[in-house]
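Here are my notes on this one, jotted down as numbered points. Have the model open while you read.

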Amino acid sequence: MKMKLNRFIGAVIIALIGLAGFSSCSEDFPGNVESDKYTDLKAIRIVNAGKSGTEVLEGKIDENKKTISFPRIDTLSDFSNLKFEVETSEGASIENAVYNIPYKSGDAEKEIIIKVLNAPRFKEYKALIRFKVPVYGADFTKPTVFDYSSNPIGNPTYIGWGGQLTRGSGFDGKYVLVVSRGATGIHLLPVEDLKANRLNPIKLNVTGVTGGTYTHNMGAQINGHSYVANLSTAASSPLKIYHWATPTSAPEVIANINVGSIVGAGARHGDNFSLDLDANGNGYAFFISAGVQVMRVKIENYNKVTETISFDTRTTYGQWSSYNHIAGTESYLVTGHDKPIAVLNNAGSVAYTMGVTSIPVHSGDPRIVNFNGQRYLLVVTIPRTANTAPDAVMRIYNITAGANVVDALTAFEQGDKKPVYEFSISAATNTAPGTQSGFYVVKDAAGKDQKLMVYGATTDAGFAIVEFPVNVATD
């Protein structure tokens, strides 16, 4: 009994100590400070803009977002002594009435923080200072989406992509090429029909399309010409490239390659197919094998193969990879489903490799897009496994800064690395994610860039086309 009493007394003492400790600690927390000192920003203006220093620019306040926007400011303004006037709650003022805003040629805008004080309270607003300079590039705030993907916001997923039967596709602004192993077969979808929510597939003539592990697996659409490659998985299996000059043409076998006769070639080709031809139909096709081997096929005048060789890369890029030409250069962007993007020449020599974490490492089929004076990087993420994020997202990054692509990627990786546009095609993981990107620049009657169209697709997820207008100054 005595032992139980001692235990009870001990428990009470511990509880009292804990309560005292809690009371002591609770006194350390700050309580709510009642104050009638408000920090509302009711109006703001820049009062010494322009070369003369007499222009007044009224700011537009978004109280919900705590942001301020101004009309574009003349670059001849005195940015070392930019003066602000405000109307605020009674007794409040801004922390600084004069700002030094560094401006250098090429800058389009700067952000500053405007702090409203009324002790003991304060409030911060993010102010955007836009410079009156020519605007370039596309307006990514005004996308028009033509969606045939598994994204629920658009049309249903295009039927040609079901059951992992479509691994390859192509886009040239006029047509979407669909290469399906299933009943839908190889066909074209006119882009103008897709824009009007019409599905009018044009079946391609497949007479003589035979051979290989699969007779057709990958495709490319260039300047109205359609190309399809089979899947070759053994040294004795021929690797073929077919060409259709028009939607009504019969197919031409422009390459029938005995893989075993190509020194250094791998044993599997056709899981990927990268093709770039100029306006005269001259360029290269690339097939990356399962290892480090790459087969390069030279094509002239759209339908004549004049050379087939194999070379090795330092990196094993794997099945879902690409080897895309950078227009106007002798360089290519190369990547796989789990490797960072690298800049190589047409024989595998590496000039630059991006950091693994700069953009999602599963960013596939990268392309350089030049539009209205700006340069962009277009990718579609490859939803291979949950470890590489179960999604297929088309992303666009601005990489304008830099004299060449290596300089541009270097400058990009030193910045915030944020995309200027994103569109989700699918949120599902895919074990065989043949993934493609594409773009087309619409020009006006004078030959100036007018619209930018981008394309993204991946197996079972369908595809989407997004169109952006040229960027135009509104003030």
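This is a predicted model: local features need pLDDT of at least 70, side-chain atom pairs count only at pLDDT 80 or more; totals for chains, interfaces and linings use all residues.

1. Of the 475 residues in the protein chain, 46% count as buried. The accessible surface of the chain is about 22,600 Å², and carbon and sulfur atoms hold 53% of that area.

2. On secondary structure, the protein chain has 33 strands and three helices. Its radius of gyration is 30 Å, well over the 23 Å that the globule rule gives for 475 residues, so the chain is more spread out than a compact globule. Along the principal axes, the C-alpha atoms fill a box of roughly 95 × 85 × 45 Å.

3. What about contacts along the sequence? Taking contacts in the protein chain with a separation of 6 or more, 53% are between residues 24 or more positions apart.

4. A quick word on charge. I see 43 positive side chains and 44 negative ones in the protein chain, and the centres of the two sets are 4 Å apart.

5. β32 has β31 (residues 435-443) as an antiparallel partner, with nine bridges between the two. Within this pairing, Gln436 sits opposite Ala457 of β32. The β31 and β32 hairpin has five residues between its strands, and Gly447 there takes a positive phi near 85°.

6. β32 also pairs with β33 (residues 462-469), again antiparallel, through eight bridges. Here Val454 has Val466 of β33 as its bridge partner. Three residues lie between the strands of the β32 and β33 hairpin, where the residue with a positive phi, near 70°, is Asp460. Worth a look beside Gly447, whose phi is near 85°.

7. Elsewhere, there's an open four-stranded sheet, ordered β11-β12-β13-β14 and paired antiparallel. Which strands stand at the edges? They are β11 (166-171) and β14 (202-203); each has a single partner strand, so one side of each has no neighbour in the sheet.

8. Last, the β14 end of that sheet. β13 (residues 186-190) and β14 run antiparallel and are joined by two bridges. His187 has Lys203 in β14 as its bridge partner.

Key:
Residues are numbered from 1 along each chain as its sequence is written. Side-chain values use heavy atoms; hydrogens and water are left out. The radius of gyration is taken over C-alpha atoms; the globule rule is 2.2 Å times the number of residues to the power 0.38. Buried means under 20% relative accessible area, exposed over 50%, partly exposed in between (1.4 Å probe, protein chains only). Contact means heavy atoms within 4.5 Å. Accessible areas come from the Shrake-Rupley method with a 1.4 Å probe; for residues, only the protein chains shown count as cover. Lys and Arg count as positive and Asp and Glu as negative; His and the chain ends are not counted. The place of a charge is taken as NZ of Lys, CZ of Arg, CG of Asp or CD of Glu. Two strands pair if DSSP finds at least two bridges between them.
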